[in-house]
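The sequence and the model are shown first, and the description follows.

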Amino acid sequence: MGKLTNEELLNKISANFPGLVNVVGEPFGLLTVETGREKIIDLLYYLQTDPVLEFIYLTDITAIHYPEQEKQIGVIYHLHSLVNNVRLRIKVWLSIDDLHIHTASVLWSGANWMERETYDLFGVIFDGHPDLRRILNVDDMTAFPMRKEFPLEDPNRVDKKDYFFGR
Amino acid sequence: MSDIQLVDAPAGVEGAGFFATSLDKVMGIARSNSLWPLPFATSCCGIEFMATMSPHYDLARFGAERLSFSPRQADLLMVMGTISKKMGPVLRQVYLQMAEPRWVMAVGACASSGGIFDTYSVLQGIDEVIPVDVYVPGCPPRPEAIIDGFIAIQKLVQTETLRRRNEPGYQKLLASYGIQ
(Lines give C-alpha, C1' and ligand atoms only; values in the text may rest on other atoms or scores of the structure.)
Protein backbone atom coordinates (compact mmCIF):
# COMPACT_ATOMS: atom_id res chain seq x y z
CA MET A 1 0.00 0.00 0.00
CA GLY A 2 1.05 3.53 -0.66
CA LYS A 3 1.53 6.35 1.78
CA LEU A 4 -1.74 7.92 0.72
CA THR A 5 -5.05 6.12 1.19
CA ASN A 6 -8.00 6.58 -1.13
CA GLU A 7 -9.95 8.12 1.76
CA GLU A 8 -7.38 10.85 2.37
CA LEU A 9 -7.17 11.50 -1.37
CA LEU A 10 -10.94 11.80 -1.65
CA ASN A 11 -11.13 14.13 1.37
CA LYS A 12 -8.58 16.44 -0.20
CA ILE A 13 -10.39 16.46 -3.54
CA SER A 14 -13.82 17.13 -2.06
CA ALA A 15 -12.43 19.87 0.18
CA ASN A 16 -11.13 21.72 -2.87
CA PHE A 17 -13.96 20.86 -5.27
CA PRO A 18 -17.05 20.66 -3.03
CA GLY A 19 -20.00 19.02 -4.77
CA LEU A 20 -18.24 18.84 -8.13
CA VAL A 21 -16.67 15.41 -7.87
CA ASN A 22 -18.71 12.24 -7.32
CA VAL A 23 -17.28 8.88 -6.36
CA VAL A 24 -18.23 6.03 -8.70
CA GLY A 25 -16.52 3.22 -6.88
CA GLU A 26 -13.26 1.59 -5.89
CA PRO A 27 -12.85 -1.47 -8.12
CA PHE A 28 -9.65 -3.35 -7.23
CA GLY A 29 -8.67 -0.45 -4.97
CA LEU A 30 -8.64 2.03 -7.84
CA LEU A 31 -10.54 5.12 -6.78
CA THR A 32 -12.85 6.20 -9.61
CA VAL A 33 -14.53 9.60 -9.66
CA GLU A 34 -16.77 11.55 -12.01
CA THR A 35 -16.76 15.24 -12.76
CA GLY A 36 -18.07 17.67 -15.33
CA ARG A 37 -16.10 18.99 -18.27
CA GLU A 38 -16.13 22.56 -16.90
CA LYS A 39 -13.90 21.63 -13.96
CA ILE A 40 -11.78 18.82 -15.41
CA ILE A 41 -8.70 20.90 -16.22
CA ASP A 42 -8.87 22.65 -12.83
CA LEU A 43 -9.09 19.26 -11.15
CA LEU A 44 -6.20 17.83 -13.14
CA TYR A 45 -4.12 20.94 -12.47
CA TYR A 46 -4.83 20.69 -8.75
CA LEU A 47 -3.92 16.98 -8.65
CA GLN A 48 -0.73 17.57 -10.63
CA THR A 49 0.56 20.55 -8.64
CA ASP A 50 -0.62 19.83 -5.10
CA PRO A 51 2.55 19.36 -2.98
CA VAL A 52 1.08 16.36 -1.14
CA LEU A 53 -0.77 14.52 -3.89
CA GLU A 54 1.72 14.97 -6.75
CA PHE A 55 -0.20 13.16 -9.50
CA ILE A 56 2.56 14.06 -11.91
CA TYR A 57 2.13 11.12 -14.29
CA LEU A 58 -0.70 10.92 -16.81
CA THR A 59 -1.05 7.21 -17.59
CA ASP A 60 -3.74 7.44 -20.23
CA ILE A 61 -6.57 9.36 -21.77
CA THR A 62 -9.18 7.25 -23.48
CA ALA A 63 -12.94 7.09 -23.95
CA ILE A 64 -15.83 4.67 -23.73
CA HIS A 65 -19.17 4.47 -25.49
CA TYR A 66 -22.44 3.40 -23.83
CA PRO A 67 -25.18 3.90 -26.45
CA GLU A 68 -27.99 3.27 -23.91
CA GLN A 69 -26.97 6.18 -21.66
CA GLU A 70 -28.18 9.74 -21.98
CA LYS A 71 -24.59 11.00 -22.01
CA GLN A 72 -23.10 8.34 -24.24
CA ILE A 73 -19.40 9.08 -24.41
CA GLY A 74 -17.16 9.02 -21.37
CA VAL A 75 -13.69 10.52 -21.48
CA ILE A 76 -11.46 8.72 -19.00
CA TYR A 77 -8.26 9.99 -17.40
CA HIS A 78 -5.87 7.71 -15.55
CA LEU A 79 -3.49 9.51 -13.19
CA HIS A 80 -0.61 8.05 -11.21
CA SER A 81 1.11 9.58 -8.24
CA LEU A 82 4.57 8.05 -8.47
CA VAL A 83 5.54 9.59 -5.11
CA ASN A 84 2.56 8.20 -3.19
CA ASN A 85 2.10 5.02 -5.26
CA VAL A 86 -1.58 5.79 -5.77
CA ARG A 87 -3.63 5.74 -8.94
CA LEU A 88 -6.80 7.65 -9.72
CA ARG A 89 -9.37 7.35 -12.51
CA ILE A 90 -11.49 10.31 -13.55
CA LYS A 91 -14.50 10.04 -15.87
CA VAL A 92 -16.23 12.86 -17.69
CA TRP A 93 -19.51 12.08 -19.47
CA LEU A 94 -20.37 13.94 -22.64
CA SER A 95 -23.46 14.09 -24.80
CA ILE A 96 -22.96 12.61 -28.29
CA ASP A 97 -24.15 15.84 -29.94
CA ASP A 98 -21.64 18.00 -28.09
CA LEU A 99 -18.35 16.17 -27.72
CA HIS A 100 -16.23 19.12 -26.68
CA ILE A 101 -13.80 19.04 -23.78
CA HIS A 102 -10.75 21.15 -23.04
CA THR A 103 -7.37 19.67 -23.87
CA ALA A 104 -5.08 18.33 -21.16
CA SER A 105 -2.03 18.95 -23.32
CA VAL A 106 -1.63 22.27 -21.50
CA LEU A 107 -0.67 20.23 -18.42
CA TRP A 108 1.07 17.18 -19.93
CA SER A 109 2.71 17.21 -23.37
CA GLY A 110 2.10 13.46 -23.49
CA ALA A 111 -1.63 14.12 -23.64
CA ASN A 112 -1.18 15.28 -27.23
CA TRP A 113 -1.14 11.85 -28.87
CA MET A 114 -3.55 10.31 -26.36
CA GLU A 115 -6.12 12.94 -27.28
CA ARG A 116 -5.45 12.45 -30.97
CA GLU A 117 -6.12 8.74 -30.53
CA THR A 118 -9.32 9.42 -28.56
CA TYR A 119 -10.44 11.81 -31.29
CA ASP A 120 -9.56 9.27 -33.99
CA LEU A 121 -11.49 6.39 -32.46
CA PHE A 122 -14.38 8.12 -30.63
CA GLY A 123 -14.66 11.59 -32.17
CA VAL A 124 -14.15 13.53 -28.95
CA ILE A 125 -13.05 17.06 -29.81
CA PHE A 126 -10.42 18.45 -27.48
CA ASP A 127 -10.69 22.25 -27.60
CA GLY A 128 -7.34 24.02 -27.65
CA HIS A 129 -5.43 20.93 -28.83
CA PRO A 130 -2.42 22.04 -30.93
CA ASP A 131 -2.85 19.45 -33.71
CA LEU A 132 -6.07 17.42 -33.54
CA ARG A 133 -5.64 15.07 -36.52
CA ARG A 134 -6.25 11.34 -36.89
CA ILE A 135 -3.30 9.31 -35.68
CA LEU A 136 -4.01 5.60 -36.24
CA ASN A 137 -6.58 5.34 -39.01
CA VAL A 138 -6.29 6.45 -42.61
CA ASP A 139 -6.56 10.22 -42.97
CA ASP A 140 -9.65 10.20 -45.20
CA MET A 141 -11.73 8.10 -42.81
CA THR A 142 -15.00 9.80 -41.86
CA ALA A 143 -16.31 7.45 -39.15
CA PHE A 144 -15.16 6.93 -35.56
CA PRO A 145 -14.61 3.17 -35.47
CA MET A 146 -14.67 2.47 -31.72
CA ARG A 147 -18.23 3.71 -31.39
CA LYS A 148 -20.68 0.87 -30.93
CA GLU A 149 -22.70 1.56 -34.10
CA PHE A 150 -19.63 1.10 -36.31
CA PRO A 151 -19.45 -2.40 -37.88
CA LEU A 152 -16.23 -3.99 -36.73
CA GLU A 153 -15.86 -6.56 -39.52
CA ASP A 154 -14.70 -5.55 -42.97
CA PRO A 155 -17.47 -5.84 -45.61
CA ASN A 156 -14.91 -6.78 -48.31
CA ARG A 157 -14.15 -10.09 -46.65
CA VAL A 158 -15.11 -12.94 -49.02
CA ASP A 159 -13.89 -16.16 -47.39
CA LYS A 160 -16.28 -15.92 -44.43
CA LYS A 161 -19.47 -15.95 -46.50
CA ASP A 162 -22.14 -18.33 -45.21
CA TYR A 163 -22.24 -20.58 -48.27
CA PHE A 164 -18.65 -21.69 -47.65
CA PHE A 165 -19.85 -23.24 -44.41
CA GLY A 166 -23.16 -24.70 -45.66
CA ARG A 167 -25.23 -22.04 -43.88
CA MET B 1 33.03 -35.00 -57.61
CA SER B 2 30.71 -32.21 -56.63
CA ASP B 3 27.05 -32.98 -56.03
CA ILE B 4 25.94 -29.56 -57.22
CA GLN B 5 23.22 -29.89 -59.80
CA LEU B 6 23.26 -27.60 -62.77
CA VAL B 7 20.15 -26.43 -64.54
CA ASP B 8 19.28 -28.57 -67.55
CA ALA B 9 19.62 -27.00 -70.95
CA PRO B 10 16.30 -26.07 -72.57
CA ALA B 11 14.93 -28.00 -75.51
CA GLY B 12 16.54 -26.95 -78.77
CA VAL B 13 18.45 -27.98 -81.85
CA GLU B 14 21.93 -29.26 -81.19
CA GLY B 15 24.70 -29.95 -83.64
CA ALA B 16 28.45 -29.93 -83.92
CA GLY B 17 29.59 -26.68 -82.35
CA PHE B 18 26.21 -25.02 -82.10
CA PHE B 19 23.03 -25.07 -80.06
CA ALA B 20 19.89 -23.22 -81.01
CA THR B 21 16.86 -22.53 -78.84
CA SER B 22 14.39 -19.72 -78.36
CA LEU B 23 15.35 -16.59 -76.45
CA ASP B 24 12.23 -16.95 -74.25
CA LYS B 25 13.49 -20.20 -72.78
CA VAL B 26 17.00 -18.94 -72.09
CA MET B 27 15.72 -15.77 -70.48
CA GLY B 28 13.23 -17.78 -68.45
CA ILE B 29 16.01 -19.98 -67.05
CA ALA B 30 18.22 -17.00 -66.34
CA ARG B 31 15.48 -15.03 -64.63
CA SER B 32 14.04 -17.86 -62.59
CA ASN B 33 17.41 -18.85 -61.14
CA SER B 34 18.40 -15.35 -60.16
CA LEU B 35 15.28 -13.75 -58.71
CA TRP B 36 15.96 -10.80 -56.44
CA PRO B 37 13.27 -10.75 -53.78
CA LEU B 38 12.11 -7.65 -51.96
CA PRO B 39 10.98 -8.78 -48.50
CA PHE B 40 8.00 -6.69 -47.38
CA ALA B 41 7.85 -8.25 -43.93
CA THR B 42 5.47 -6.74 -41.41
CA SER B 43 4.92 -9.49 -38.84
CA CYS B 44 5.39 -13.15 -37.88
CA CYS B 45 5.54 -14.43 -41.49
CA GLY B 46 8.60 -12.22 -41.82
CA ILE B 47 10.23 -14.21 -39.01
CA GLU B 48 9.56 -17.41 -40.97
CA PHE B 49 11.13 -15.75 -43.99
CA MET B 50 14.24 -15.01 -41.93
CA ALA B 51 14.40 -18.72 -41.15
CA THR B 52 13.96 -19.44 -44.87
CA MET B 53 16.94 -17.24 -45.65
CA SER B 54 19.08 -18.87 -42.98
CA PRO B 55 21.60 -21.63 -43.82
CA HIS B 56 19.30 -24.41 -42.59
CA TYR B 57 16.66 -23.82 -45.28
CA ASP B 58 18.92 -21.74 -47.52
CA LEU B 59 16.94 -19.83 -50.12
CA ALA B 60 20.29 -19.25 -51.85
CA ARG B 61 19.94 -22.75 -53.33
CA PHE B 62 17.31 -21.23 -55.61
CA GLY B 63 19.40 -18.23 -56.57
CA ALA B 64 17.49 -15.82 -54.36
CA GLU B 65 20.05 -14.96 -51.71
CA ARG B 66 20.41 -11.42 -53.01
CA LEU B 67 17.67 -9.51 -51.25
CA SER B 68 16.92 -6.18 -52.79
CA PHE B 69 15.76 -3.52 -50.38
CA SER B 70 15.14 -1.14 -53.24
CA PRO B 71 12.01 -1.96 -55.25
CA ARG B 72 13.69 -0.62 -58.38
CA GLN B 73 16.11 -3.56 -58.52
CA ALA B 74 13.73 -6.24 -57.28
CA ASP B 75 11.99 -8.91 -59.37
CA LEU B 76 9.80 -10.49 -56.72
CA LEU B 77 7.79 -8.70 -54.05
CA MET B 78 7.29 -11.01 -51.09
CA VAL B 79 4.55 -9.61 -48.85
CA MET B 80 4.72 -11.32 -45.48
CA GLY B 81 2.38 -10.23 -42.76
CA THR B 82 -0.68 -8.16 -41.93
CA ILE B 83 -1.16 -5.13 -44.15
CA SER B 84 -3.27 -2.47 -42.53
CA LYS B 85 -5.39 -0.15 -44.66
CA LYS B 86 -3.04 2.69 -43.88
CA MET B 87 -0.15 0.56 -45.22
CA GLY B 88 -2.08 -0.28 -48.43
CA PRO B 89 -1.03 2.81 -50.43
CA VAL B 90 2.59 2.29 -49.30
CA LEU B 91 2.57 -1.29 -50.57
CA ARG B 92 1.04 -0.15 -53.83
CA GLN B 93 3.72 2.51 -54.19
CA VAL B 94 6.43 -0.10 -53.65
CA TYR B 95 4.84 -2.28 -56.34
CA LEU B 96 4.63 0.64 -58.78
CA GLN B 97 8.32 1.39 -58.28
CA MET B 98 9.32 -2.14 -59.33
CA ALA B 99 10.43 -2.52 -62.94
CA GLU B 100 8.95 -5.14 -65.27
CA PRO B 101 9.17 -8.09 -65.15
CA ARG B 102 7.83 -8.26 -61.61
CA TRP B 103 6.09 -10.91 -59.58
CA VAL B 104 4.24 -10.82 -56.28
CA MET B 105 3.96 -13.51 -53.65
CA ALA B 106 1.48 -13.21 -50.75
CA VAL B 107 2.92 -15.19 -47.85
CA GLY B 108 0.60 -16.22 -45.04
CA ALA B 109 -3.07 -15.88 -44.25
CA CYS B 110 -2.96 -12.14 -43.51
CA ALA B 111 -1.37 -11.10 -46.78
CA SER B 112 -3.61 -13.51 -48.71
CA SER B 113 -6.99 -12.81 -47.11
CA GLY B 114 -6.61 -10.69 -43.99
CA GLY B 115 -6.30 -13.81 -41.84
CA ILE B 116 -7.76 -13.57 -38.37
CA PHE B 117 -7.91 -9.80 -38.64
CA ASP B 118 -11.42 -9.44 -40.04
CA THR B 119 -11.62 -5.81 -38.98
CA TYR B 120 -12.10 -2.35 -40.40
CA SER B 121 -8.44 -1.37 -40.14
CA VAL B 122 -6.85 -4.33 -41.95
CA LEU B 123 -6.65 -4.89 -45.70
CA GLN B 124 -8.53 -8.12 -46.50
CA GLY B 125 -5.79 -9.53 -48.71
CA ILE B 126 -3.20 -7.57 -50.68
CA ASP B 127 -4.97 -8.50 -53.93
CA GLU B 128 -7.31 -5.61 -53.14
CA VAL B 129 -4.52 -3.21 -54.14
CA ILE B 130 -1.97 -5.14 -56.26
CA PRO B 131 -2.11 -8.28 -58.44
CA VAL B 132 -0.72 -11.43 -56.80
CA ASP B 133 0.96 -14.36 -58.60
CA VAL B 134 1.32 -16.94 -55.82
CA TYR B 135 -0.46 -17.29 -52.48
CA VAL B 136 1.24 -19.25 -49.69
CA PRO B 137 -1.25 -20.43 -47.06
CA GLY B 138 -0.39 -20.84 -43.41
CA CYS B 139 -0.41 -18.85 -40.20
CA PRO B 140 2.52 -18.52 -40.41
CA PRO B 141 3.63 -20.90 -43.20
CA ARG B 142 6.68 -23.03 -42.49
CA PRO B 143 9.87 -22.25 -44.43
CA GLU B 144 9.18 -25.33 -46.58
CA ALA B 145 5.87 -23.76 -47.62
CA ILE B 146 7.58 -20.47 -48.47
CA ILE B 147 10.15 -22.38 -50.57
CA ASP B 148 7.27 -24.26 -52.25
CA GLY B 149 5.70 -20.94 -53.13
CA PHE B 150 9.04 -19.68 -54.39
CA ILE B 151 9.41 -22.73 -56.67
CA ALA B 152 5.91 -22.00 -58.00
CA ILE B 153 7.08 -18.47 -58.80
CA GLN B 154 10.15 -19.92 -60.57
CA LYS B 155 7.91 -22.12 -62.74
CA LEU B 156 5.82 -19.06 -63.61
CA VAL B 157 8.96 -17.14 -64.54
CA GLN B 158 10.29 -19.97 -66.72
CA THR B 159 7.10 -20.40 -68.72
CA GLU B 160 6.44 -16.74 -69.23
CA THR B 161 6.96 -14.94 -72.50
CA LEU B 162 9.83 -12.52 -72.82
CA ARG B 163 7.75 -9.38 -72.61
CA ARG B 164 4.79 -10.10 -70.41
CA ARG B 165 3.97 -6.43 -70.14
CA ASN B 166 2.96 -6.35 -73.84
CA GLU B 167 0.38 -9.10 -73.46
CA PRO B 168 -3.25 -7.96 -73.57
CA GLY B 169 -4.25 -10.23 -70.68
CA TYR B 170 -1.58 -8.79 -68.42
CA GLN B 171 -2.40 -5.25 -69.42
CA LYS B 172 -6.04 -5.91 -68.67
CA LEU B 173 -5.13 -7.28 -65.25
CA LEU B 174 -3.06 -4.20 -64.42
CA ALA B 175 -5.79 -1.92 -65.74
CA SER B 176 -8.27 -3.59 -63.37
CA TYR B 177 -6.03 -2.36 -60.54
CA GLY B 178 -5.75 1.08 -62.11
CA ILE B 179 -2.04 0.59 -62.89
CA GLN B 180 -0.70 1.84 -66.23
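How many bridges join β3(B) to β4(B), and in which sense do the two strands run? Five bridges join them, and the strands run parallel. The model described here is a predicted one.

## The sheet of chain B

Within this pairing, B:Pro37 is the residue that stands opposite B:Leu76 of β4(B). On the other flank, β4(B) pairs with β5(B), again in the parallel sense and over five bridges. There, B:Leu77 has B:Val104 of β5(B) opposite to it.

These strands belong to an open sheet of four strands, whose order is β3-β4-β5-β6 (chain B) and whose pairing is parallel. The edges are taken by β3 and β6 (134-136) of chain B; each has a single partner strand, so one side of each is left without a neighbour in the sheet. Direction ignored, neighbouring strands are turned against each other by 15 degrees on average. In general terms, the strands of a sheet pair through backbone hydrogen bonds, either parallel or antiparallel.

Helix α5 (residues 143-158) of chain B lies across β4, β5 and β6 of chain B and runs at about 160 degrees to β5(B). In helix α3 (residues 88-97) of chain B, the residues B:Gly88, B:Leu91, B:Val94 and B:Tyr95 are buried. Their arc around the axis is only 125 degrees, which puts them on the same side of α3(B). The elements that cover these buried residues include β3 (37-41), β4 (76-80), β5 (103-107) and α6 (168-176) of chain B.

## The sheet of chain A

Chain A has an open sheet of five strands in the order β1-β2-β5-β4-β3, and its pairing is mixed. Here β1 (22-25) and β3 (57-65) of chain A stand at the edges with a single partner strand each, so one side of each lacks a neighbour in the sheet. From one strand to the next, the twist averages 25 degrees.

Strand β4 (residues 73-81) and strand β5 (residues 86-94) of chain A pair in the antiparallel sense over nine bridges. A:Gly74 has A:Trp93 of β5(A) as its bridge partner. Helix α2 (residues 40-49) of chain A packs on the sheet, where it touches β2 (31-35), β4 and β5 of chain A; the direction of α2(A) makes about 170 degrees with that of β5(A).

## Salt bridges and the interface

Over all chains, a search of the whole structure finds ten salt bridges.

| Pair | Closest N and O atoms |
|---|---|
| A:Asp98 and A:Arg37 | 2.6 Å |
| A:Asp154 and B:Lys85 | 2.3 Å |

A:Lys12 lies in helix α1 (residues 6-16) of chain A and A:Asp50 in the loop between α2 and β3 of chain A, so the pair ties together parts that are 38 residues apart in sequence. A:Lys12 counts as partly exposed at 26% relative accessibility, whereas A:Asp50 counts as buried at 11%.

A:Asp98 and A:Arg37 form another salt bridge. This pair links distant parts of the chain, 61 residues apart: A:Asp98 is in the loop between β5 and β6 (100-102) of chain A, and A:Arg37 is in the loop between β2 and α2 of chain A. A:Asp98 is partly exposed, with a relative accessible area of 30%, and A:Arg37 also counts as partly exposed, at 27% relative accessibility.

A:Asp154 forms a salt bridge with B:Lys85. A:Asp154 lies in the segment after β7 (125-127) of chain A and B:Lys85 in the loop between β4 and α3 of chain B, so the pair joins two chains. A:Asp154 counts as buried at 5% relative accessibility, while B:Lys85 counts as partly exposed at 27%. Across the interface of chain B and chain A, the rule finds one salt bridge.

The contact between the chains takes 13 residues from chain B and 17 residues from chain A. Together the two chains bury about 1,100 Å², 47% of it on carbon and sulfur atoms. Of the area that chain B buries against chain A, B:Lys86, B:Asp118 and B:Tyr120 supply 64%, more than any other three residues.

Note on methods
Residues numbered from 1 in each chain as written. Chains lettered and ligands numbered in written order. Predicted model: local features only at pLDDT ≥ 70, side-chain atom pairs only at ≥ 80, totals over all residues. Heavy atoms only, no water. Pairing = 2+ DSSP bridges. Axes fitted to C-alpha atoms, helices over the stretch in contact; angles between N-to-C directions. Contact = heavy atoms within 4.5 Å. Buried < 20%, exposed > 50% of the residue type's maximum accessible area, 1.4 Å probe, protein only. Arc of directions from axis to C-beta. Buried area = accessible area lost by both parts, 1.4 Å probe. Salt bridge = Lys/Arg side-chain N within 4 Å of Asp/Glu carboxyl O.
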